Amino acid sequence: MDFCHKSANNGEAVDICRAAFRTSLNLLSNTIFSKDLTDPFSDSAKEFKDLVWGIMVEIGKPNLVDYFPFLEKIDPQRIRRRMTDHFTKVLDLMGGLIDERLKKRKLRNNANVDVLDALLNISPEELDRNHIEHLCLDLFAAGTDTTSNTLEWAMAELLKNPHTLDKAQEELAQVIGRGKLVDEADVAQLPYLRCILKETLRIHPPAPFLILRKVEDDVELCGYIVPKDSQVLVNVWAIGRDSSLWENPLDFKTERFWESEIDVRGRDFELIPFGAGRRICPGLPLAIRMVPVALGSLLNTFNWKLQGGIEPTDLDMEEKFGITLAKAQPLVAVPIPQ
C-alpha cells in the first residue's frame with residue numbers, strides 16, 4: 001500500500017503482479033524467517049520471481065522422459081538441466097538464511113518465534129537440514145506466484161468490468177469507510193468482495209491442473225480403470241468453464257455466488273482451485289486471508305485507470321500457462337487516491 005501511495009503521488013503506474021509478488025514474498029519470509037527478503041520500493045524481487053516462474057514453466061511442460069524413461073540420462077529437452085539450475089539458486093538462498101539462523105541460535109541471540117525455529121527444534125533424525133531447505137523452497141515457490149497471480153487476475157477483471165468494481169467499492173465504503181485499509185476481521189462482513197474472489201478463482205485457478213496425483217492401487221472411476229502408479233491431472237481450469245456446470249461460464253459474473261453455498265474449501269467439486277481431500281493445498285487458510293485483505297485495501301484506498309488510456313473493453317486477458325496460470329501481458333494501472 002505504501003508503494004502504491006508513492007506511485008500515486010508521482011503519477012506513476014503500478015505493475016500489479018510484481019507489486020503483489022513482493023508483498024507475498026515478504027509476508028511469507030516474515031512468517032518463516034522473521035525478515036523481509038525484498039525491498040518493496042524497488043524491483044529487488046525480480047530475480048526471485050523469474051526463478052519461481054522458470055520452475056513453474058518447466059514443471060508444467062510435457063516431458064518426453066515421463067513417457068519414455070530410457071531417455072532420462074539424455075534429457076532431450078534439457079528440462080532437468082534448467083530445473084536443476086533454478087532449484088540450486090533458490091536452495092542456495094534458503095541455505096544462507098538457515099546458516100544465519102543457526103549462528104544466532106549458537107549465540108542464544110534469537111527470539112525463537114517463527115516457522116524456521118519450529119523446524120530447527122525438531123530432531124535431525126526426524127527432519128534434517130536437507131528436508132528443511134526443500135520444505136522452504138516448496139513454501140516459497142507455491143505461495144508467492146499463485147497469490148500474486150490471483151490478485152492480478154482479480155484486479156484485471158474488475159478494471160475490465162467497471163460496474164462490478166463500482167459495486168465492490170460501494171460495499172467497502174459502507175462497511176469500513178472509504179479510504180481505510182481492510183483488516184482481516186473485516187472480510188467476513190464483505191460478501192461481495194468474497195464473491196469477486198470466488199469468481200476470479202473459478203475462471204483463473206492459480207494451478208490449472210492442480211498438482212499431479214499418483215494412484216497407489218488400481219481404481220475404477222466412471223467405468224474406467226485407472227492403473228496403479230498412473231499420474232493423474234485434474235483440469236480445474238476446464239471445470240470452471242464447463243457450460244453444464246456454469247451459466248455463461250466465460251462471463252465474469254460475481255452475482256452467481258451471491259447467497260450461494262458454493263465455497264473453495266474442497267467440498268464443492270465444481271469449484272476446487274485449491275484441490276480437495278487430504279492433498280488439498282496447505283496454503284488455503286493463508287490465501288483466503290491475504291488476498292481479500294490486499295484486494296479490498298487496493299480498491300478502497302484508490303481509484304484505478306489503465307495505463308496509456310486503454311479502454312476496459314480492450315484490456316488483454318490472454319493467459320500464459322505453466323504449472324500456474326499467469327496473465328500473458330502484465331496488468332499495469334495508475335492508482336488515484338480517493
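A nonpolar core here is a set of buried Ala, Val, Leu, Ile, Met, Phe, Trp, Tyr and Cys residues joined through side-chain atoms within 4.5 Å, where buried means under 20% relative accessible area, exposed over 50% and partly exposed in between (1.4 Å probe, protein chains only). By that rule, the largest nonpolar core has 38 residues. This is a predicted model, so local features need pLDDT of at least 70 and side-chain atom pairs count only at pLDDT 80 or more, while totals for chains, interfaces and linings use all residues. Residues are numbered from 1 along each chain as its sequence is written, and side-chain values use heavy atoms, with hydrogens and water left out.

**Cores**
- Met155, Leu159, Ile196, Leu295, Leu299, Trp304 and Leu331 have the most contacts inside the largest core.
- Helix 7 (129-160) is among the elements giving two or more residues to this core, along with helix 9 and strand 6 (302-306); helices (H or I, at least four residues) and strands (E, at least two) are DSSP runs numbered from the N terminus.
- Helix 7 gives the most to this core, with seven residues.
- Leaving aside residues up to four places away in sequence, Leu159 touches Leu165, Trp304, Leu306, Pro312, Leu331 and Ala333 (contact means heavy atoms within 4.5 Å).
- There's also a second, separate core of 29 residues, and Phe21, Leu28, Trp53 and Phe140 are included in it.

**Second largest pocket**
- This pocket holds about 730 Å³ of space; on a 1 Å grid over the protein atoms alone, a pocket is an open set of points with protein on both sides within 12 Å along at least five of seven lines, and lining residues have an atom within 4 Å of a point.
- Of its 28 lining residues, Met1, Thr23, Ser24, Leu27 and Ala294 are the closest to the centre.
- Helix 2 supplies the largest share of the lining, 10 residues.
- The lining splits into 18 nonpolar, six polar and four charged residues (Ala, Val, Leu, Ile, Met, Phe, Trp, Tyr, Cys and Pro count as nonpolar, Asp, Glu, Lys and Arg as charged, and the others, Gly among them, as polar).

**Cavity**
- A search of the whole structure turns up one cavity of 30 Å³ or more, a cavity being a set of grid points where a 1.4 Å probe fits but cannot get out.
- The largest cavity has about 40 Å³ of space, and Leu201, Arg202 and Glu270 are among the residues lining it.

**Annotated site**
- UniProt lists Cys281 under "binding site" in an unreviewed entry; such annotations may be inferred rather than shown by experiment.
- Cys281 sits in the loop between helix 10 (236-239) and helix 11 (284-301).
- With a relative accessible area of 32%, Cys281 is partly exposed.

Definitions and conventions:
Points joined across faces, edges and corners; volume = space filled by probe spheres on them.
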